[in-house]
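This report looks at one protein model, moving from its overall architecture to selected details. Please view the sequence and the structure together while reading.

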Amino acid sequence: MIITIVICAVLIGLDQFFKYLAVHFLAGQPPVTVIPGVLQLCYVENDGAAFSILSGQQTLLIILTGITLLIVAYILLFRRPKQKLEYVALLMIFSGGMGNLVNRIASGYVVDYLNPLFMQFAVFNFADCLVTVGVALFVLGVILSEVRAYKEKKSGQLVDAGDTAKDKQAEQHEALAAEPDEKAVGDVPPANNGGAKESTDKAPAKTEAGTNKNGTQADETQ
């Protein structure tokens with residue numbers, strides 16, 4: 001949290017410093033060409049939003065900017081994004097928005113000083129650059145997060161499919177390993193109970209034969 005506050009303070013301080021230089025060195029002076037055909041420094045008082053959008057709507061701009069910055073600050077301080085790119089993007093958005101909001105509340109306008117010469121475009125400042133680049137980075141971070149989540153989901157499905165195939169192979173191996181045991185158990189010959197039965201059947205027959213023999217001997221004696 002402390003690091004977040006320090007970084008925001010540094011960026012807001014840089015924005016205010018550049019505006020201070022513009023007020024003291026560019027106000028009332030002719031434009032200064034930094035890179036011919038590319039960039040020029042000039043002093044412009046902007047009573048609208050970034051790049052002169054919604055010019056003259058100060059109250060609306062203050063309310064909308066304030067609500068947006070409160071949401072961004074809450075995310076940065078209490079629900080810090082896991083992705084570094086999204087974190088940096090929100091830092092830039094908050095710092096740029098707060099830099100312009102301070103001037104809009106204090107002076108009723110924002111000082112712009114950067115004028116691109118290679119195209120017809122509005123004059124802007126360092127805070128506008130922070131907001132614009134921050135929004136672009138945030139969108140890029142969201143897209144990359146979605147792509148990463150899709151790849152992880154797809155790889156997870158492939159891993160699950162591989163695990164399922166391995167489980168099926170293991171079951172097939174277990175089934176094949178169990179088949180020889182079942183065959184061995186089925187090939188064992190049944191116990192020879194016929195011999196015991198035959199012996200049992202012979203015993204009464206032998207007894208009966210002995211009885212008949214004794215009876216015959218008794219008759220002869222008589």
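What pattern does the protein follow when read along the sequence?

## Overall architecture

Read along the sequence, the pattern is α-β-β-α-α-β-α-α, and the protein contains five helices and three strands, where helices (H or I, at least four residues) and strands (E, at least two) are DSSP runs numbered from the N terminus. This is a predicted model, in which local features need pLDDT of at least 70 and side-chain atom pairs count only at pLDDT 80 or more, while totals for chains, interfaces and linings use all residues. Residues are numbered from 1 along each chain as its sequence is written, and side-chain values use heavy atoms, with hydrogens and water left out.

Of the 222 residues in the protein, 24% are buried, a class defined by under 20% relative accessible area, with exposed meaning over 50% and partly exposed in between (1.4 Å probe, protein chains only). The protein exposes about 15,300 Å², of which carbon and sulfur atoms supply 65%, as computed by the Shrake-Rupley method with a 1.4 Å probe. Among contacts (heavy atoms within 4.5 Å) with a separation of 6 or more, 67% come from residues 24 or more positions apart.

Because Asp-15 and Lys-19 are four residues apart in helix H1, about one helical turn separates them. Asp-15 counts as buried because its relative accessibility is 0%, and Lys-19 is likewise buried, with a relative accessible area of 3%.

Ile-2, Val-6, Val-10, Leu-14, Phe-17, Phe-18 and Tyr-20 make a nonpolar surface patch of about 660 Å²; patches consist of residues with over 30% relative accessible area and no salt bridge, nonpolar side chains (Val, Leu, Ile, Met, Phe, Trp, Tyr) being joined within 5 Å and like charges within 9 Å. Tyr-20 lies in helix H1 (residues 2-25) and counts as partly exposed because its relative accessibility is 46%.

## Packing of H2 and H3

Two packed helices are described by the angle between their axes and the distance between the axes. The axes of helix H2 (residues 58-78) and helix H3 (residues 84-107) come within 9 Å and cross at roughly 145°, where axes are lines fitted to C-alpha atoms, for helices over the stretch in contact, and angles run from 0 to 180 degrees between N-to-C directions.

Residues of H2 that meet H3 include Leu-61, Gly-66 and Leu-76, and those on the H3 side include Tyr-87, Gly-97 and Ile-105.

Terms used:
A salt bridge is a side-chain nitrogen of Lys or Arg within 4 Å of a carboxyl oxygen of Asp or Glu.
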